[in-house]
Amino acid sequence: MSISSLKGGVGKTSVTLGLASAALAAGIPTLVVDLDPHADASTGLGVEPNGENDIGHLLKNARRADIAAAAVPSPWAGRSGAAADGQTPVLDVAVGGAFSGIYDRPDLKLRNLRRLHTVLSRQNRYELVLIDCPPSLNGLTRMAWTASHRVLLVAEPSLFSVAGTERTLRALELFRKEFVQGLQTAGVVANRFRESSAEQRFRLEEMRTMFGDALLSPVLPDQANWQQIQGAAYAVHQWPGDAARQSAARFDELLHGLADPASAGVR
Ligand SMILES: Nc1ncnc2c1ncn2[C@@H]1O[C@H](COP(=O)(O)OP(=O)(O)OP(=O)(O)O)[C@@H](O)[C@H]1O
Ligand SMILES: [Mg+2]
């Protein structure tokens with residue numbers, strides 16, 4: 001699943017990390033592919049740049065790349081305790097880095113668009129692969145979509161973000177027709193909602209009208225300690241306090257809804 005938005009800073013990486021945390025808590029073997037050259041997801045998952053084994057180099061050598069060997073276990077997994085079978089649960093990161101930027105061009109040809117698909121198609125270690133995309137529709141996001149079954153869009157309840165989401169949905173529709181017929185829209189997550197703001201309440205209603213069932217539940221509120229949790233490179237499920245517990249429960253619900261075929265696959 002790709003986590004995408006045209007607009008920057010709306011919470012793609014935060015939603016990726018929240019879902020990864022929920023997947024870890026649920027014992028789902030998960031890989032996070034950090035496709036943003038800024039590598040924020042890698043930082044949030046507590047992993048260091050790993051030289052020639054970053055995702056950019058794996059993409060360059062796509063046919064020979066062994067992603068399960070190159071991916072790095074997140075320290076989140078070590079902290080979460082043993083699963084029912086006594087094994088440490090699997091949460092690995094295909095580490096991001098500036099090198100992947102060589103593919104973030106607007107004119108990437110099909111042969112290059114298929115690189116991530118090629119890398120992922122040979123793995124059978126992970127049940128869930130979350131791809132954190134950069135904030136553009138250039139080569140890397142298109143590469144992510146080519147490798148995905150579904151695309152999850154993230155938007156803030158603000159004018160520019162809602163408009164950007166509409167544009168992204170249209171781009172996705174065109175992309176589906178041209179390149180990947182089976183690609184589904186998993187839905188739109190509204191993030192950083194501030195109940196106290198009349199403008200945000202208005203925009204959220206607008207999103208409900210615009211996106212209908214594609215607007216996913218729950219809506220994620222603006223959360224005071226979110227940056228502190230990310231700054232410590234912690235999983236929200238492992239952070240103490242009521243606010244983190246409520247946030248973790250929201251990501252559990254989101255993941256559950258995404259995993260349920262009845263609620264997934266809004267086209
Ligand atoms: N629900 C939230 N509550 C509070 N802060 C949030 C929330 N979601 C995201 N943030 C903060 O907003 C900032 C941007 O979020 P994030 O990095 O997840 O967005 P992004 O879409 O991945 O950005 P980019 O386009 O740069 O990759 C971060 O500092 C993050 O901690
Ligand atoms: Mg990001």
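**Exercise 1. Two helices in contact**

Task: In this predicted model, determine how closely the axes of α8 and α9 approach, and at what angle they cross.

Solution. 
Step 1. The axes of α8 and α9 come within 12 Å, and their crossing angle is roughly 60°.
Step 2. This angle makes α8 oblique to α9, because an angle that falls under none of the headings roughly parallel, roughly antiparallel or roughly perpendicular counts as oblique.
Step 3. The crossing of α8 and α9 is right-handed.
Step 4. On the side of α8, the contact is made by Arg-142, Trp-145 and Thr-146; on the side of α9, by Thr-168, Ala-171, Leu-172 and Phe-175.
Step 5. Sorted by class, the contact of α8 with α9 has 4 nonpolar, 2 polar and 1 charged residues.

**Exercise 2. A crossing at another angle**

Solution. 
Step 1. Helix α1 covers residues 12–25 and helix α12 covers residues 242–259; their axes come within 9 Å and cross at roughly 85°.
Step 2. The contact of α1 with α12 divides into 8 nonpolar, 2 polar and 1 charged residues.

**Exercise 3. The helix pair α9 and α10**

Task: Decide whether α9 and α10 are roughly parallel or roughly perpendicular, and describe their contact.

Solution. 
Step 1. The axes of α9 and α10 (residues 198–211) come within 10 Å and cross at roughly 15°.
Step 2. Angles under 35 degrees count as roughly parallel, and α9 and α10 are therefore roughly parallel to each other.
Step 3. The crossing of α9 and α10 is right-handed.
Step 4. Leu-159, Val-162, Thr-165, Glu-166 and Leu-169 of α9 meet Arg-203, Glu-206, Met-207, Met-210 and Phe-211 of α10 in this contact.
Step 5. The residues of the contact of α9 with α10 comprise 6 nonpolar, 1 polar and 3 charged.

**Exercise 4. The sheet and the helices on it**

Solution. 
Step 1. Helix α8 is mostly covered, with 7 of its 8 residues buried. These are Gly-139, Leu-140, Thr-141, Met-143, Ala-144, Trp-145 and Thr-146.

**Exercise 5. Strand β5 and its partners**

Task: Find how many bridges join β5 to β1 and to β2, and state how many residues of β5 are buried.

Solution. 
Step 1. Strands of a sheet pair through backbone hydrogen bonds, in either a parallel or an antiparallel manner.
Step 2. β1 and β5 run parallel and are joined by 2 bridges; Ser-2 stands opposite Ile-131 in β5.
Step 3. β2 and β5 run parallel and are joined by 5 bridges; Leu-31 stands opposite Val-129 in β5.
Step 4. β5 is mostly covered, as 5 of its 5 residues are buried. Leu-128, Leu-130 and Asp-132 point one way from the strand, while Val-129 and Ile-131 point the other way.

**Exercise 6. A residue of β4**

Task: Determine whether Asp-92 is buried or exposed, and list the residues that Asp-92 touches.

Solution. 
Step 1. Asp-92 is found in strand β4. This strand (residues 91–94) runs parallel to β2 (residues 30–34), and 4 bridges join the two. Val-33 stands opposite Ala-94 in β4.
Step 2. Buried means under 20% relative accessible area; at 3% relative accessibility, Asp-92 therefore counts as buried.
Step 3. Leaving aside residues up to four places away in sequence, Asp-92 touches Thr-30, Leu-31, Val-32, Ala-71, Val-72, Pro-73, Ser-74, Arg-125 and Tyr-126.

Technical notes. Residues are numbered from 1 along each chain as its sequence is written. Chains are lettered from A and ligands numbered from 1 in the order in which they are written. This is a predicted model: local features need pLDDT of at least 70, side-chain atom pairs count only at pLDDT 80 or more; totals for chains, interfaces and linings use all residues. Side-chain values use heavy atoms; hydrogens and water are left out. Two strands pair if DSSP finds at least two bridges between them. Axes are lines fitted to C-alpha atoms, for helices over the stretch in contact, and angles run from 0 to 180 degrees between N-to-C directions. Angles under 35 degrees count as roughly parallel, over 145 as roughly antiparallel, 65 to 115 as roughly perpendicular and the rest as oblique. A crossing is left-handed if the near helix is turned anticlockwise from the far one by less than a right angle, and right-handed if clockwise. Contact means heavy atoms within 4.5 Å. Ala, Val, Leu, Ile, Met, Phe, Trp, Tyr, Cys and Pro count as nonpolar, Asp, Glu, Lys and Arg as charged, and the others, Gly among them, as polar. Buried means under 20% relative accessible area, exposed over 50%, partly exposed in between (1.4 Å probe, protein chains only).
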